[in-house]
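Open the model in your viewer and keep the selection tool handy. The tour goes stop by stop.

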Amino acid sequence: MIATILGCSLLFNSCIGSFGLFNRLNTWNQSIGNKFVNELVLLAFNIVPVYGVAYLADVLVINSIEFWSGSNPMANVGDIKKVKGENGNYMVKTLENGYSITKEGETASMDLIYDKEANTWNVVANGESAELIKMNNNGTADLFLPNGEKMNVTLDAQGMMAARQATTCNLMFAAR
């Protein structure tokens, strides 16, 4: 029965999530000493299943909360993560209602802001705001494409594939 519940919870939440608890535990382990100490802690935390419990808590509880509520209970406002991108490194700062992204060495930023009342994600750059995604109550989302068009997609694999294809085509067209 427990295996069935766990299996269903993995199938029905459809959320990859940020794995905040597991990643914090891993970051802490990497910061406590040299590589030998880190390896010993890693082995110990796998024998006494600390890593497994943290991962399971993320998969079953924390990531599901993040998916359904739109906020990560493990996220700390003000946390800054360094992310490697195709064109260099970016600093991603957690805001109360989204994220601020700045390219390393630059001062201009782009913010991704979640408006809970409108149920939209917006991009704010150079003082201008534009809607990116509006989540609808009927299991669909409206994507606002770079060419000004709006595309309604279902929140399933087929809808995400269509959205990915449309945004890729629009970005390639805009680059020409």
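A crossing is left-handed if the near helix is turned anticlockwise from the far one by less than a right angle, and right-handed if clockwise. This is a predicted model: local features need pLDDT of at least 70, side-chain atom pairs count only at pLDDT 80 or more, and totals for chains, interfaces and linings use all residues. Residues are numbered from 1 along each chain as its sequence is written, and side-chain values use heavy atoms, leaving out hydrogens and water.

**Stop 1: a helix pair.** Select H2 (residues 20–31) and H3 (residues 35–47). Helices are DSSP runs of H or I, at least four residues, and strands are runs of E, at least two, numbered from the N terminus. H2 and H3 cross in the right-handed sense. Show the side chains of Leu25, Trp28, Asn29 and Gln30 in H2; they meet Asn38, Val41, Leu42 and Phe45 in H3. Contact means heavy atoms within 4.5 Å.

**Stop 2: the sheet.** Select the 8 strands of the open sheet, ordered S1-S2-S3-S4-S5-S6-S7-S8 with antiparallel pairing. Two strands pair if DSSP finds at least two bridges between them. S1 (80–85) and S8 are the edges, each pairing on one side only. Now zoom to S5 (residues 120–125) and S6 (residues 128–135), joined by 6 bridges. Trp121 stands opposite Ile133 in S6.

**Stop 3: the core.** Select Ala141, Leu143, Leu145, Met151, Val153, Ala163 and Ala166, the largest nonpolar core. Such a core is a set of buried (under 20% relative accessible area, 1.4 Å probe, protein chains only) Ala, Val, Leu, Ile, Met, Phe, Trp, Tyr and Cys residues joined through side-chain atoms within 4.5 Å.

Key: Axes fitted to C-alpha atoms, helices over the stretch in contact; angles between N-to-C directions. Buried < 20%, exposed > 50% of the residue type's maximum accessible area, 1.4 Å probe, protein only.
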